[in-house]
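Please open the structure in your viewer and keep the sequence beside it. The tour below moves from one selection to the next and says what is to be found at each stop.

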Amino acid sequence: MALLWALFLALLAGAHAELPGCKIRVTSAALELVKQEGLRFLEQELETITIPDVYGAKGHFYYNISDVRVTQLHLISSELHFQPDQDLLLNISNASLGLHFRRQLLYWFLRMYNFFSTFITSGMRFLLNQQICPVLYHAGMVLLNSLLDTVPVRSSVDDLVGIDYSLLKDPVVSNGNLDMEFRGAFFPLKEDNWSLPNRAVEPQLEDDERMVYVAFSEFFFDSAMESYFQAGALQLTLVGDKVPSDLDMLLRATYFGSIVLLSPTVINSPLKLKLEATSPPRCTIKPSGTTISITASVTITLAPPMLPEVELSKMIMEGRLSAKLTLRGKALRVKLDLRRFQIYSNQSALESLALIPLQAPLKTLLQIGVMPLLNERTWRGVQIPLPEGINFVREVVTNHAGFVTVGADLHFAKGLREVIDKNRPADVAASHVPPPSAAAA
């Protein structure tokens, strides 16, 4: 009975588990790049340590060592690799330091020199350990970890929509990869608690040749389009001179019978077109490509100044757009292209036949006047959750059934020191460095 109850609870928990809209895999191919940049940062940190002067007397021996500073650091052997249950493991061995210092030694007997040289060397090693251990602790546990604070978790995309990259569970570390699952959901900024149920196929990551792989499900794109729909952004109104002259003439000719019956004050009024999505667009990802389906209403009216508008027609427009994904820097960009377009009337089949001459002009209007506006918004892109200073390069996009993956290598556009110095408060070092005794221990 206990076993059946445990199985029931496990199934219940699985039924309510949130599916990720985005997954990221960091492969072992990225570790060498991360290691080299991290070690360079550690070297820079160690070269800035301040070592106090050493002076004193022992019997007839007097010593004074001052102006001690690290001139070079050699980390001869180091390894960075994934370790299950422990995330990352960095092992450094055979490290050596180059020092510059001034010394003053006074002694009575020459045969005492070797003894006191050993004494000074041991003292310097002790002092260096007292200084280096806190610096390594602070650099590794505080400063390098602070780099993760630059990863955008919940941020705005523009003035209408934001994106949520919250981790859904702890990262999973294997011998070769580190896998992370993110919510990957957009939301309208005016409705911060708004959420969309994720019923899409869960994206999968299987490759490991590139440094990083990012997978996006259909939900990732659907939540973006629904967020813009909820924010009222999926509509466009053209009035008067904004309507192309050829289309204006054609529309007036098409609805001439209705126009001539109007009063003279209305006949010559500006023409108004309003395109508005009737429902959120939907994304379909297949191995052959990514498409977006949209249904919108097209309302044609005469808009006399200071008078109520006169509706001439209201039709339904269905369109299908192809979407090409690219990754530049840290931005996922989308370029849209109109592939299929048709209009019809939801009033009668006869009216739908009358709309056939408008098919080509309206499609041209969409291609020339509407698609550039959409692409201007989508080409700005949305940021992928990477730390500041790290970009994607040499990306490869692959479509699957229900999700798309982007494989890429990493490039440090900024050094770790530049990024960390930019984002850390002035007093962070003093507040996080442990006492020398604790660090040495």
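Contact here means that heavy atoms lie within 4.5 Å of each other. The model on your screen is a predicted one, and this should be kept in mind at every stop.

**First stop: Asp-158.** Select Asp-158, which you will find in the loop between strand 5 (154-156) and strand 6 (161-164). Leaving aside residues up to four places away in sequence, Asp-158 touches Leu-189, Tyr-228, Arg-377 and Arg-380. If you now show the side chains, you can trace a polar contact of 2.6 Å between those of Asp-158 and Tyr-228, and another, of 3.3 Å, from the side chain of Asp-158 to that of Arg-377. Is Asp-158 buried or exposed? Its relative accessible area is 14%, and since buried means under 20%, Asp-158 counts as buried.

Next, select the six strands that form an open sheet in the order 7-8-1-10-19-18, where the pairing is antiparallel. Strand 7 (172-173) and strand 18 (390-399) stand at the edges, and because each has a single partner strand, one side of each is left without a neighbour in the sheet. Within the sheet, turn to strand 1 (residues 22-27) and strand 10 (residues 212-217), which pair in the antiparallel sense over five bridges; here Val-26 stands opposite Val-212 of strand 10.

How many disulfides does a search of the whole structure find? The search finds zero.

**Last stop: two positive phi angles.** Select Met-306 in the loop between strand 14 (289-302) and strand 15 (310-328). Although Met-306 is not a glycine, it has a positive phi of about 65°, and at 84% relative accessibility it counts as exposed. Finally, go to Arg-394 in strand 18, which has a positive phi of about 50° without being a glycine, and which is exposed, with a relative accessible area of 55%.

Technical notes: Residues numbered from 1 in each chain as written. Predicted model: local features only at pLDDT ≥ 70, side-chain atom pairs only at ≥ 80, totals over all residues. Heavy atoms only, no water. Helix = DSSP H or I, 4+ residues; strand = E, 2+ residues; numbered from the N terminus. Buried < 20%, exposed > 50% of the residue type's maximum accessible area, 1.4 Å probe, protein only. Polar contact = N/O pair within 3.5 Å; in protein donor to acceptor, adjacent residues only side chain to side chain. Disulfide = S-S within 2.5 Å. Pairing = 2+ DSSP bridges.
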